[in-house]
Amino acid sequence: MPIGADRRRMSAYRREKMCDAAFVLENLINHGAMSENLVGTQPLTKHAASNRARVIVIGGGVAGGAAASSLAALGVDTVLFEPRCDAEHASRMKCCGHCLHGRSASSIAALGLERCVRASASAEIAFTSIECAHARPLRSPLALRGMVVRRDVLDPAILNHARTCGARIEPLSARFDASTRTVRASDGSVWSAELVIGADGISSRVARDAGLARTGEQGRRFGIAFDFPLENPAVAQLVDANTVHMLVAVGGYLGLVRDETSVHAAMLFDAGISVREAWMRLTRAFERLEAISPKALSAALENAGGAGPIPFRTRAASSEGLVLLGDAAGYIEPFTGDGMACAFEGAAILLNVVRASLSRGERDLSAVPARYEQQRRIAFAASERRCRRVAWLAARPRLLRAALRASTVSPALARALVTSATR
Ligand SMILES: Cc1cc2nc3c(=O)[nH]c(=O)nc-3n(C[C@H](O)[C@H](O)[C@H](O)COP(=O)(O)OP(=O)(O)OC[C@H]3O[C@@H](n4cnc5c(N)ncnc54)[C@H](O)[C@@H]3O)c2cc1C
């Protein structure tokens with residue numbers, strides 16, 4: 001589907017198709033287009049539920065995996081649906097910069113995932129470097145050190161942990177039927193639960209089926225992530241160790257981080273330009289990217305993972321019998337590198353709410369969604385405001401360049417910039 005000059009007149013139907021989950025990467029890379037959905041766009045036919053669980057989780061990324069493992073560890077009968085849990089699917093890259101923000105440590109501990117996360121970490125992140133063409137990079141130490149965690153290692157590790165804690169993992173995709181509040185799996189089985197958790201990521205199908213996504217208000221940027229193996233000597237020159245580099249140009253930006261085997265790249269770019277064009281624009285702004293040959297770029301893109309449109313907006317993170325977790329509840333901006341931290345924080349809030357409900361001896365989990373919504377709103381208000389500010393600045397490279405230049409004479413401004421982008 002071409003996205004070009006007439007994109008402002010895009011119909012509601014086309015917007016809906018655009019939101020349909022994972023991209024056809026070939027199209028995205030070469031033409032700036034996307035489509036495909038994990039479970040199709042056909043309307044759900046109604047069936048009576050024949051399978052029950054107390055909690056059903058749709059999606060086994062960090063948010064769904066963290067929720068399933070912590071609730072199962074609490075003794076709650078939990079089933080999780082995730083189609084990408086076999087080896088073939090898991091080997092497909094997820095669109096993420098692989099930087100785990102230091103602020104997530106307490107929620108990771110509360111969820112009982114410390115060991116799992118630490119075992120998945122492949123490097124420490126101690127510095128950030130914000131870069132624009134024709135301005136000196138702003139390199140600063142991070143107040144809270146982060147970690148490089150590969151998602152193809154972390155997500156399966158969390159799912160394994162969930163299994164160990166007693167959650168049942170179904171290797172299927174699933175959809176939520178808002179009218180019957182049941183879940184239909186891709187094998188045709190129909191499930192019911194006291195609580196359904198939509199954790200199916202950005203452009204969440206669950207959020208859209210439940211009428212919680214803000215129709216017509218989704219973003220115009222897309223993300224893609226890929227690896228350059230360190231065997232290529234040119235690659236090692238791109239980044240300093242223990243540093244996350246943010247390279248900002250017109251039309252998009254690139255995050256680079258390095259672990260023992262590769263330099264990992266995550267790029268955000270405007271709809272209507274292809275990945276290759278976005279890369280070319282970055283290469284024009286940052287000479288050192290010329291070290292990556294077109295062949296090396298093509299090889300890297302072969303196993304890339306895409307996401308979007310960004311931002312993804314919802315009007316609420318819950319409705320009767322349903323909560324949305326992680327990106328499914330809304331995703332504003334990757335620049336701050338705290339998507340995983342938000343997913344863990346949301347799962348920790350949900351765990352507390354469910355635990356309180358059980359300890360009060362409540363008959364069922366019907367009060368959970370409203371309490372989760374309230375606590376989540378309070379906990380996330382400040383970080384969402386900050387994310388919106390950063391998204392605004394990251395989309396204006398000329399202004400950012402002026403700010404970087406000014407920050408060389410004003411340490412206070414430099415501090416404010418870094419704090420706003422990384423805290
Ligand atoms: C360019 C870019 C760079 C980023 N960099 C960073 C970073 O450096 N650090 C950071 O913390 N965050 C980063 N993020 C954000 C981060 O990737 C997300 O916030 C995080 O993955 C959210 O986790 P999640 O579990 O909510 O969703 P996901 O990780 O997307 O998981 C959703 C899961 O649901 C499954 N699913 C989808 N549909 C269905 C269905 N119908 N049935 C069952 N399962 C389904 C999918 O297979 C998937 O496994 C970045 C994002 C982008 C776009």
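Predicted model: local features only at pLDDT ≥ 70, side-chain atom pairs only at ≥ 80, totals over all residues.
Threonine 243 is buried, with a relative accessible area of 1%, and this residue is found in strand β11, which spans residues 243-249.

**Threonine 243**
- The side chain of threonine 243 makes a polar contact with the side chain of arginine 139 at 2.9 Å, and it also reaches the backbone oxygen of alanine 241 at 3.0 Å.
- Leaving aside residues up to four places away in sequence, threonine 243 touches Ile125, Phe127, Thr128, Ser129, Arg139, Leu256 and Val257.

**The ligand and its shell**
- The ligand is surrounded by 36 residues, of which the closest are Glu82, Gly97, Cys99, Arg151 and Asp327.
- Sorted by class, this shell holds 18 nonpolar, 11 polar and seven charged residues.
- At least two residues of the shell come from each of α3 (62-73), β13 (262-270) and α12 (339-359).
- Of the 1000 Å² of accessible area that the ligand has on its own, the protein covers 94%.

**Helix α10**
- In helix α10 (residues 275-285), the buried residues are Val275, Ala278, Trp279, Leu282 and Thr283.
- Viewed down the axis of α10, these buried residues fall within an arc of 140°, so they line one face of the helix.
- An α-helix has 3.6 residues a turn, so residues three or four places apart point the same way.

Terms used
Residues numbered from 1 in each chain as written. Heavy atoms only, no water. Buried < 20%, exposed > 50% of the residue type's maximum accessible area, 1.4 Å probe, protein only. Helix = DSSP H or I, 4+ residues; strand = E, 2+ residues; numbered from the N terminus. Arc of directions from axis to C-beta. Near = heavy atom within 4 Å. Areas by Shrake-Rupley, 256 points an atom, 1.4 Å probe, with all protein chains shown as cover. Nonpolar A, V, L, I, M, F, W, Y, C, P; charged D, E, K, R; others polar. Polar contact = N/O pair within 3.5 Å; in protein donor to acceptor, adjacent residues only side chain to side chain. Contact = heavy atoms within 4.5 Å.
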